[in-house]
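Okay, everyone, thanks for coming. I'll walk you through one structure today, so let me put it up on the screen.

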Amino acid sequence: MYVAVKGGEKAILNSHKLLAEERRGDPSVPEVSLRQIDQQLGLAVDRVMTEGSLYDRGLVALAIKQARGDLVEAVFLLRAYRTTLPRLAVSEPIDTAAMAVRRRVSATYKDLPGGQVLGPTYDYTHRLLDFALAAETDAPPEALEPAEEPVAHPMLRVCDVLGGEDLLEPETPAGDPASGEPEPFDLTREPLSFPAGRDQRLQNLARGDEGFLLALGYSTQRGFGGNHPFAGEIRLGEVSVEIVPEELGFAIDIGEITVTECQMVNQFAGSASRPAQFTRGYGLTFGHCERKAMAMALVDRALRCRELDETARYPAQDEEFVLYHSDNVEASGFVQHLKLPHYVDFQAELELVRRLRADHGDARRKEAAE
Amino acid sequence: MTSGIGAAEPMQTTRAAIGDSDPDGADRYNYAYLDEQTKRMIRRCLLKALAVPGYQVPFGSREMPLPYGWGTGGIQVTASIIGPDDVLKVIDQGADDTTNAVSIRRFFARVAAVETTEATAEATVIQTRHRIPEQPLREGQILVYQVPQPEPLRKLEPREGETRKMHAYAEYGLMHVRLYEDIARFGRIATTYSYPVMVNGRHVMSPTPIPKFDNPKMGGNPAVQLFGAGREKRIYAVPPYTDVRSLDFEDHPFAIQRWDECCALCGAGDSYLDEVILDDRGGRMFVCSDTDHCGTRRARGHTGRLGADAATAAAAKPRGAAR
């Protein structure tokens, strides 16, 4: 006898209950707190803030907890919340020259004003599992001696050094709402349009999936899009966010955010109208997401091929390819929508394949008869 | 459509701080989830879409609490047109009780406090994925389609810049060549769903992945047909009583699917059928994909080959379903 088994409301509700149970895990193990996630899984929080494009460590910790550590799911949760928030103001551009720097490295100069500041980095750790952490003794980390001199503030940006000599192309300023220019493009309000301006592209890349950008950036280094990049500067630190309220008419500081900025310096041979000059690729993320910022800078530069009269030959140079496929919330949703029932369409295809097979059989029989 | 265009714009509802007493969180969101400014933006796009039938209007698609590809475009369209007096029906594959239809219906019941129904005739707004109901729609009803890929030319040309030009110049030769290639290779047009249509004699449009069986229902339909593609950020529309033709050739006219069998439950011979596998020895049956249509027919006394059994089964309530 035929009984239609279809997922109903009850099945969905039960699935939610099961999920909640799985999320909590063994109840005899203490529940993880949002503060613990924020403090001890800080880089996960940074990544979700960046790709979720919402700077709120508390909400992100909640999203990570709710998503059981699935960071792409956490990005989705955060985005779905963010979309309901009113947009109160557009901030002034942040000034990374005025950053309170915690880390700053340049691969283009051995030494420069402010020096190389290593800061907290995994770069020179030996990737040996630290079994002392497994012991969970919660021993305080070794005390750090204060440096002999404080970190320079403000710290000169490498790009400003090169720019001063006109060796590096000037950065095109984005729209400045205060002076009556149009606001920068906002992908969360308007759909992508092509050819994409740099504001669209950088916003898209900043929100883009780290893994996707990493692979694309890597591809440009392996010859699928050939610019030899130099890591002009990578800096991590705190910057002020300012807005200009209409009723005041001047900028006020509304808080501080941590950002990672990467300026890639690339060769450019010049053209008939322009002398040889270094060109920029730019990466910026919330928090400490160095890998993402560097990959973003490589892809940004690759995507500038049209404006620099370079032939677009490779995936990383193809703006529709890159910008349409960088968003992990979109990609994850559409890939996984294949789980939804498609039996109406499948039935249509079944009917066709059966008919085509029947036609084929008829033709073969007819041939044999002749 | 009770929420009129240009209605007063209430400010965004006040948002309580995280960790407040409201465990459900529903009253932290505006009516029908989207804020009023967003609804107004979407309604403007809908008006533009209705004014240029079949033209894809880019819109500022919002990130919804449901995944992209799972109906976010349809949900945004529904959220923008729905009001408390509406009666909502949600179907997926023609059925009201498929998981995603249940999930979307629950979403609107929660954020829009709207009455829901499974009866096609009672609904004022019907959100659908992959089917058009069998029962003819009437004036005043709105059919909202969920659209995975709004661009009918996308599989022929992956670049948006190019396809927009092709629409602008009404350059649809490529599509006809594709259909012709099917005929050359298979002796027939081998497109069974998402079968392209010409709307109002001007724009080639994707009917969404409905089976071509449903294509003839689009033309001259008294209902408003709205299409929302959330991930691709496009809205398009077919106003009531608009000419919608499936592309074909004089010597290979468009034809819809036919089955040798009737619905095993209600005996319908003119509805779209789903194939259900009964055992591992090739046993199968065909049933209406439109559950409301099938149920209504059975309530009127129509029965199919396995109708009596099925009536017993229905009375015993299907496993896992809460109807």
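Let's begin at A:Ser106, which sits in the loop between β1 (100-105) and α6 (131-134) of chain A. Keep in mind as we go that this is a predicted model.

So, is A:Ser106 buried or exposed? Its relative accessibility is 8%, and the cut-off for buried is under 20%, so A:Ser106 counts as buried. What does its side chain reach? That would be the backbone oxygen of A:Gly232, at 2.7 Å. Leaving aside residues up to four places away in sequence, A:Ser106 also touches A:Leu112, A:Gln116, A:Val158, A:Ala231 and A:Glu233, along with A:Gly232 itself.

Now for the sheet. A quick reminder: strands of a sheet pair through backbone hydrogen bonds, either parallel or antiparallel. In chain A, four strands make an open sheet, ordered β1-β2-β3-β4, and the pairing is antiparallel. At the edges you'll find β1 and β4 (279-286) of chain A, each pairing on one side only. On average, neighbouring strands in this sheet are turned by 20° against each other, ignoring direction.

Let me zoom in on one pair. Strand β3 (residues 252-266) of chain A is joined to β4(A) by eight bridges, and the two run antiparallel. If you want a spot to look for, A:Cys262 stands opposite A:Gly283 in β4(A). And what lies across the sheet strands β1, β2 (229-243), β3 and β4 of chain A? Helix α10 (residues 290-302) of chain A does, running at about 145° to β4(A).

On to some other helices. Helix α5 (residues 71-82) and helix α12 (residues 328-336), both of chain A, pack at about 110° with their axes 9 Å apart. Roughly perpendicular covers 65 to 115 degrees, so that's what we call α5(A) and α12(A). From α5(A), the contact uses A:Val72, A:Val75, A:Phe76 and A:Arg79, while α12(A) brings A:Asn328, A:Val329 and A:Ser332. Those contact residues divide into four nonpolar, two polar and one charged.

Last stop: helix α4 (residues 57-66) of chain A. Its buried residues include A:Leu59, A:Val60, A:Ala61 and A:Ile64. The buried residues of α4(A) pack against α1 (9-24), α2 (34-40), α3 (42-52) and α5 of chain A. At the start of α4(A), a side-chain oxygen of A:Asp56 comes to within 3.1 Å of the backbone nitrogen of A:Gly58. After α4(A) comes A:Arg68, with a positive phi near 55°.

How values were computed: Residues are numbered from 1 along each chain as its sequence is written. Chains are lettered from A and ligands numbered from 1 in the order in which they are written. This is a predicted model: local features need pLDDT of at least 70, side-chain atom pairs count only at pLDDT 80 or more; totals for chains, interfaces and linings use all residues. Side-chain values use heavy atoms; hydrogens and water are left out. Buried means under 20% relative accessible area, exposed over 50%, partly exposed in between (1.4 Å probe, protein chains only). A polar contact is a pair of N or O atoms within 3.5 Å; within protein, one must be able to donate a hydrogen and the other to accept it, and residues adjacent in sequence count only if both atoms are side-chain atoms. Contact means heavy atoms within 4.5 Å. Two strands pair if DSSP finds at least two bridges between them. Axes are lines fitted to C-alpha atoms, for helices over the stretch in contact, and angles run from 0 to 180 degrees between N-to-C directions. Angles under 35 degrees count as roughly parallel, over 145 as roughly antiparallel, 65 to 115 as roughly perpendicular and the rest as oblique. Ala, Val, Leu, Ile, Met, Phe, Trp, Tyr, Cys and Pro count as nonpolar, Asp, Glu, Lys and Arg as charged, and the others, Gly among them, as polar.
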